[in-house]
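Please look over the sequence and the 3D structure shown here. The paragraphs below go through a few of its local features in turn.

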Amino acid sequence: MPKARYFRDLLRAASFLAMLWGACAAQAELVSDVYSALIAVGDRQADSLSEARREGLLQVAAKASGMQVPADNEVIKGALATVSSYLQGFSYVDGAEGALSVRLDFDEAAIQQLLGDAGLPLWTANRPSVLTWLVMNDGSRRRFASLDEMPQAYAAISGSFERRGVPLQQPLYDLADATALTPGEAWRQSSTALTIASQRYGDPGVLAGRVARLSNGRYAGDWQFLDEGVWHRVTVQVEDLEAFTDAGADLVASRLSARYAVAAAAIDLRHRVVLRGVRSYGDYRSALMALETLETVRQVMPEQLVGDQVTLRVDADADSDQLSRIIELDERFVPARLTSGFADLSYEWIQ
């Protein structure tokens, strides 16, 4: 084998392994609309609004928990019958070509209580972002679902991820992407090519899909999601494109919520968290606010301050492993070695 090719292949393999190693340290974003839903309606009549409120409640419960909420759950059935008690407000939104939607804003505390009563978990609003590649076979050729090439598919992916409350990052599909990943490689779902092409986007999770439209009008294809270095796959055949993109978003939400969601019922575990690098009152307030705004955290109390190190008591509805995974979604908390036996978690605060 020529030396140039040998070193190129070696570099490609090393890059692939590095991507797999870093896949569990995904970027995170704060999802601001977890407790809101946008539902299409045919008119502004009371019956249409009533149906939209029930659909919106199920959508918000799914976003807040990360799970598809079973409508036959007795607690959920009771909530659907009294949905107005969970609603803070609504407003109609006029879309293109006469389309009409209603935006529904639900009470955060009430929804969290509902999840606890229904035995469903709570997924915090700080969530890993996911880079999504999709290649489509329309019968003549394979094309990426870019905004320019396939705007309908591009919009379908965005809508599916928004409904599941997962931060979406779509590739630019520019010259650099075209050089790194061909439609053929994406169609073969080449793990090496996909992970290397994704490196330019930082450290998001990676979801890859391929889909073909069948002669009967249905859509058939696969999704695979890179989660903690392991590819997870689902194969689907559905009626329309939106149902296909929903399947990809469901795969991502179910895998991520299984790792980050915690029981919404009261657990009230106490943890000692040590923060180093707290060099000013501004650092101290920023760190406390970051912890206090986590949905799983009930209370944060300072216990000791020595130099640039502060020890905090954190009361949370999560055990140490769950709490650490949630905290570390905020890149300002860098895991540090525990230097004493009385602390549960230790971080370097990087502002």
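Predicted model: local features only at pLDDT ≥ 70, side-chain atom pairs only at ≥ 80, totals over all residues.

Residues are numbered from 1 along each chain as its sequence is written, and side-chain values use heavy atoms, with hydrogens and water left out.

Helices (H or I, at least four residues) and strands (E, at least two) are DSSP runs, numbered from the N terminus. Two packed helices are described by the angle between their axes and the distance between the axes. Here the axes of helix H2 (residues 46-65) and helix H5 (residues 151-164) come within 7 Å, crossing at roughly 80°. Such axes are lines fitted to C-alpha atoms, for helices over the stretch in contact, and the angles run from 0 to 180 degrees between N-to-C directions. H2 and H5 are therefore roughly perpendicular to each other. On this scale, angles under 35 degrees count as roughly parallel, over 145 as roughly antiparallel, 65 to 115 as roughly perpendicular and the rest as oblique.

Which residues of H2 and H5 meet? From H2 come Gln59, Ala62 and Lys63, and from H5 come Glu162, Arg163 and Arg164. The residues of this contact between H2 and H5 divide into one nonpolar, one polar and four charged. Ala, Val, Leu, Ile, Met, Phe, Trp, Tyr, Cys and Pro count as nonpolar, Asp, Glu, Lys and Arg as charged, and the others, Gly among them, as polar. Contact means heavy atoms within 4.5 Å.

Helix H5 also holds Phe161. Is Phe161 buried or exposed? At 1% relative accessibility, Phe161 counts as buried. Buried means under 20% relative accessible area, exposed over 50%, and partly exposed in between (1.4 Å probe, protein chains only). Leaving aside neighbours within four places in sequence, Phe161 is in contact with Val130, Thr132, Val166, Pro167, Leu168, Leu207, Ala249 and Val252. Phe161 and Phe333 are 172 residues apart in sequence, and 27 Å separates them in space, C-alpha to C-alpha.

The next topic is the aromatic rings. The structure holds nine aromatic pairs. Rings of Phe, Tyr and Trp (its six-membered ring) pair if their centres lie within 6.5 Å; planes under 30 degrees apart count as stacked, over 60 as edge-to-face and the rest as tilted. One of the pairs is formed by Phe90 and Tyr92, which is edge-to-face, with 6.0 Å centre to centre and 85° between the planes. Phe90 is partly exposed at 42% relative accessibility, and Tyr92 is partly exposed at 24%.

Trp133 and Phe144 form a tilted pair, with 6.2 Å centre to centre and 55° between the planes. Trp133 lies in strand E7 (residues 130-137) and Phe144 in strand E8 (residues 142-144), so the pair ties together parts that are 11 residues apart in sequence. Trp133 is buried, with a relative accessible area of 1%, and Phe144 is buried at 13%. Together with Tyr173 and Tyr201, Trp133 and Phe144 form one aromatic cluster.

Another ring, that of Trp123, has Arg127 over its face, at 3.9 Å from the ring centre. A charge sits over a ring if NZ of Lys or CZ of Arg is within 6 Å of the ring centre and within 35 degrees of the ring normal.

Several loop residues remain. Thr124 is in the loop between strand E5 (121-122) and strand E6 (126-128), and is buried, with a relative accessible area of 0%. Leaving aside neighbours within four places in sequence, Thr124 is in contact with Glu295, Thr296 and Ile326. Asp330 is in the loop between helix H11 (320-327) and strand E17 (333-335), where Asp330 is buried at 17%. With neighbours within four places in sequence left aside, Asp330 is in contact with Asn126 and Ala290.

Most residues other than glycine have a negative phi, and most peptide bonds are trans. Gln189 has a positive phi of about 55° although it is not a glycine. Gln189 lies in the loop between helix H7 (183-188) and helix H8 (191-198), and is buried at 5% relative accessibility. Glu228, also not a glycine, has a positive phi near 55°. Glu228 is in the loop between strand E11 (219-227) and strand E12 (230-238), and is partly exposed, with a relative accessible area of 45%.
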